[in-house]
Amino acid sequence: MPYSPPERPTACLALADGTLFHGIGFGATGQTVAELCFNTAMTGYQEIMTDPSYAGQIVTFTFPHVGNVGVNPEDDETADPVAAGMIVKWMPTDPSNWRAIERLDAWLAARGRIALGGVDTRRLTRAIRQSGAPNVALSHDPSGNFDVEALIKAARAFSGLKGLDLAKDVTCAQSYRWNEMRWAWPDGYSPQLAPKHKVVAVDYGAKRNILRCLASAGCDVIVLPASSTFDDIMAHQPDGVFLSNGPGDPAATGAYAVPMIQQVLSETDLPVFGICLGHQMLALALGAQTIKMNHGHHGANHPVKDHDTGKVEITSMNHGFAVDAQTLPEGVIETHTSLFDGSNCGIRVEGRPVWSVQHHPEASPGPQDSYYLFERFAQAMADRSA
């Protein structure tokens with residue numbers, strides 16, 4: 001049945017500066033407040049919405065065809081959507097993909113996530129780029145009745161992400177073991193039956209596909225909560241320590257994460273590998289600082305230069321904070337930089353198997369440009385055992 005737009009808007013987005021965007025609501029009804037960002041990826045909307053790194057954020061999708069392949073359980077990066085909401089140009093159509101299990105709008109509604117369609121996403125993206133990621137309030141009311149002043153007030157009252165530790169909200173409640181490897185045709189996901197290295201993954205908001213990549217690289221993965229101590233980690237006698245991605249202000253999470261990482265670095269010779277928030281945690285532990293970006297990096301098309309090889313990798317990005325390369329101490333080498341703005345995208349400790357990257361090698365935008373990082377981690381553990 002063809003889509004028929006309602007006679008009046010059923011959703012409203014209010015920016016803290018008073019700017020309003022009206023459109024058609026779908027998904028859950030109600031109201032939410034968050035920071036607004038935009039993502040330039042042409043695929044992967046389900047992975048984006050379920051990425052724990054998007055906690056506290058509403059995502060504007062610059063690509064108009066969102067929802068056209070539906071959703072399915074295999075593509076979830078965690079159990080439920082974590083992003084607070086989504087903004088799209090065109091309303092989702094009926095899914096047209098053999099893997100689709102559910103419609104996007106029904107999936108969002110069942111999981112309490114608000115969405116807004118029919119919006120000029122180009123105008124909204126320009127506003128974010130020019131003025132920085134704003135605090136917003138998003139409301140979906142099928143009756144179309146909105147208290148605009150109350151929405152603007154709610155947006156202004158939101159504290160923002162700076163100073164906010166969100167890793168504690170998205171981390172696992174207790175430890176668990178992971179052995180599922182990456183999806184492969186025609187079998188789908190299969191278990192790692194012959195792991196060679198035991199890895200403790202500290203969960204600051206870990207994506208499932210990162211854990212799959214570790215398993216595919218030959219790792220027996222034990223996932224621990226974000227607040228785990230040095231003793232908690234060493235009790236598993238790991239061959240390596242992995243620091244996961246996650247949301248929020250790295251300085252806030254670092255209050256409890258940095259002392260643990262510093263103890264791992266000072267009391268062991270274990271290989272350490274970090275991604276995204278894990279990269280920022282490692283940098284803080286080494287003495288560097290992090291900064292809030294104007295509008296962050298969110299997309300699956302970001303060129304990053306590897307200074308060790310000279311190669312340019314097409315990467316997936318999702319971060320609103322960055323490591324300040326000017327604060328890297330002696331002995332910590334910058335390995336990767338963004339070719340969009342020159343911001344830091346990787347570091348390593350000179351003479352030690354300790355490194356991290358800002359981008360997401362597990363998201364396969366290249367599609368395999370950055371998978372070598374997992375293989376390097378496995379090789380470092382093998383070299384240490386030898």
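Reply: Helices and strands here are DSSP runs, numbered from the N terminus. In this predicted model, Trp185 lies in the loop between strand 8 and strand 9.

Me: Is Trp185 buried or exposed?

Reply: Exposed means over 50% relative accessible area. Trp185 has 65% relative accessibility, so it counts as exposed. Together with Trp98 and Trp183, Trp185 makes a nonpolar surface patch of about 470 Å².

Me: Where do nonpolar side chains tend to be found in soluble globular proteins?

Reply: They tend to be buried together. In this model the largest nonpolar core has 32 residues, and those touching the most other members are Val202, Tyr204, Val241, Leu243, Ile261, Val272 and Leu282. Elements that give two or more residues to this core include strand 9, strand 11, helix 8 (250–267) and helix 9 (277–286). A second, separate core of 27 residues includes Trp178, Val199, Leu214 and Phe242.

Me: Which residues is Val241 in contact with, leaving aside its neighbours within four places in sequence?

Reply: Among them are Val200, Val202, Ile233, Val264, Phe273 and Phe377.

Me: Why is helix 6 described as largely enclosed by the rest of the structure?

Reply: Seven of the nine residues of helix 6 (residues 208–216) are buried, so the helix is largely enclosed. The buried residues are Asn209, Ile210, Leu211, Arg212, Cys213, Leu214 and Ala215. Their cover includes strand 8 (176–178), strand 10 (219–225), strand 12 (272–275) and helix 10 (372–385).

Methods
Residues are numbered from 1 along each chain as its sequence is written. This is a predicted model: local features need pLDDT of at least 70, side-chain atom pairs count only at pLDDT 80 or more; totals for chains, interfaces and linings use all residues. Side-chain values use heavy atoms; hydrogens and water are left out. Buried means under 20% relative accessible area, exposed over 50%, partly exposed in between (1.4 Å probe, protein chains only). Helices (H or I, at least four residues) and strands (E, at least two) are DSSP runs, numbered from the N terminus. Contact means heavy atoms within 4.5 Å. A nonpolar core is a set of buried Ala, Val, Leu, Ile, Met, Phe, Trp, Tyr and Cys residues joined through side-chain atoms within 4.5 Å. Patches are made of residues with over 30% relative accessible area and no salt bridge: like charges are joined within 9 Å, nonpolar side chains (Val, Leu, Ile, Met, Phe, Trp, Tyr) within 5 Å. Accessible areas come from the Shrake-Rupley method with a 1.4 Å probe; for residues, only the protein chains shown count as cover. A salt bridge is a side-chain nitrogen of Lys or Arg within 4 Å of a carboxyl oxygen of Asp or Glu.
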